[in-house]
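The following note is intended for a colleague who is meeting this structure for the first time. Please read the points in order with the model open.

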Amino acid sequence: MKYRVLGSSGGEAPGFGLSSFLVDDCLLIDTGGVAVALDVPSQAKIDHILLTHSHLDHTGGLPLLADNVFGMRTGPVHVHGIAQTLDGVQRNLLNDVLWPDFSKLPSRAFPTLLYREVPEGQPFEAAGYSITAVRVNHAVECVAYLIQGRRGAVLHVGDTGPTQAVWDLARAAARLRAVCVETTFPNRLQEVADQSGHLTPQSLRAELEKLGRDVPLFVFHLKPRFRSEIVAELRALQRGNLRLLEDGAVHRF
Ligand SMILES: [Zn+2]
Ligand SMILES: [Zn+2]
């Protein structure tokens, strides 16, 4: 699996792209920074998008991508998410007020975007992968995705506070090559993290105890203004298998 980091930050500023990760050039996980990180012909190659939740830093690139690829493709872009996420996007973002509703453009019969509600805990197929959405603990309804291919699996945990079910799934997953997981705030803002459904380095450590297996870890979604503080606290965890996801990086899992 080729896993390209288009944006990895929990806030936007010059040099800090919002959450967006491209698998094998055709499967996108969240859309935060996609429109600024990827040229238009490459955006047009994306067949499937997995949305973790409705928050703007994860969905904000979707209207712009739809606009960019409009008329360039022979089929729709499949936008996968749980019902609450798709409902949030359709009602509040691509709603013919903030932006055109690309699920009926150029026509209902041949739309640019096709919304696909996914089940929780039951695998579905997209882009040749078996994908499972698992509910995590965030300020709005939010899921993580376990993406299983022939040669291995990757767990992508976007925004979450302390949670459980996803770690149970990860513990049992065959050939788990990597866990990508958020850490948004430094330890001194634990209360803010808990209230908003995010992790700090110390709460990440507790989550990794629940994971209970030695898997390469890739941390992302750091708030830009706290980045150096969070990085120092992550280093203090002294986990040799922990790295940061950096914008522009390409990993092969
Ligand atoms: Zn969020
Ligand atoms: Zn976020």
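Two strands are said to pair if DSSP finds at least two bridges between them. Helices (H or I, at least four residues) and strands (E, at least two) are DSSP runs, numbered from the N terminus.

1. Basis of the note. This is a predicted model, in which local features need pLDDT of at least 70, side-chain atom pairs count only at pLDDT 80 or more, and totals for chains, interfaces and linings use all residues. Residues are numbered from 1 along each chain as its sequence is written, chains are lettered from A and ligands numbered from 1 in the order in which they are written, and side-chain values use heavy atoms, with hydrogens and water left out.

2. Seven strands form an open sheet of mixed pairing, in the order 7-8-9-10-11-12-13. Its edge strands, strand 7 (124-126) and strand 13 (242-244), each pair on one side only. From one strand to the next the twist averages 25°; this angle is taken between axes, which are lines fitted to C-alpha atoms, in N-to-C directions and on a scale from 0 to 180 degrees.

3. Strands 9 and 10. Strand 9 (residues 143-148) is joined to strand 10 by 4 bridges in the antiparallel sense. Within this pairing, Ile147 faces Val154 of strand 10.

4. Asp159. Asp159 is buried, that is, under 20% relative accessible area with a 1.4 Å probe, protein chains only. Asp159 has no salt bridge, a term for a side-chain nitrogen of Lys or Arg within 4 Å of a carboxyl oxygen of Asp or Glu. The nearest side chain of opposite charge is that of Lys223, 7.3 Å away.

5. Partners of Asp159. Polar contacts (a pair of N or O atoms within 3.5 Å, one able to donate a hydrogen and the other to accept it) link the Asp159 side chain to those of His58, at 3.1 Å, and His138, at 3.3 Å. Beyond four places in sequence, the residues in contact with Asp159 (heavy atoms within 4.5 Å) include Cys142, Glu182 and His221.

6. Strand 2. Strand 2 (residues 20-23) pairs antiparallel with strand 1 (residues 2-7) over 4 bridges, and Leu22 is the bridge partner of Arg4. Strand 2 also runs antiparallel to strand 3 (residues 27-29), with 3 bridges; here Phe21 is opposite Ile29. Ser20 and Leu22 point one way and Phe21 and Val23 the other, all of them buried. In a regular strand, side chains alternate between the two faces of the sheet.

Technical notes:
Buried < 20%, exposed > 50% of the residue type's maximum accessible area, 1.4 Å probe, protein only. Lys, Arg positive; Asp, Glu negative; His and termini not counted.
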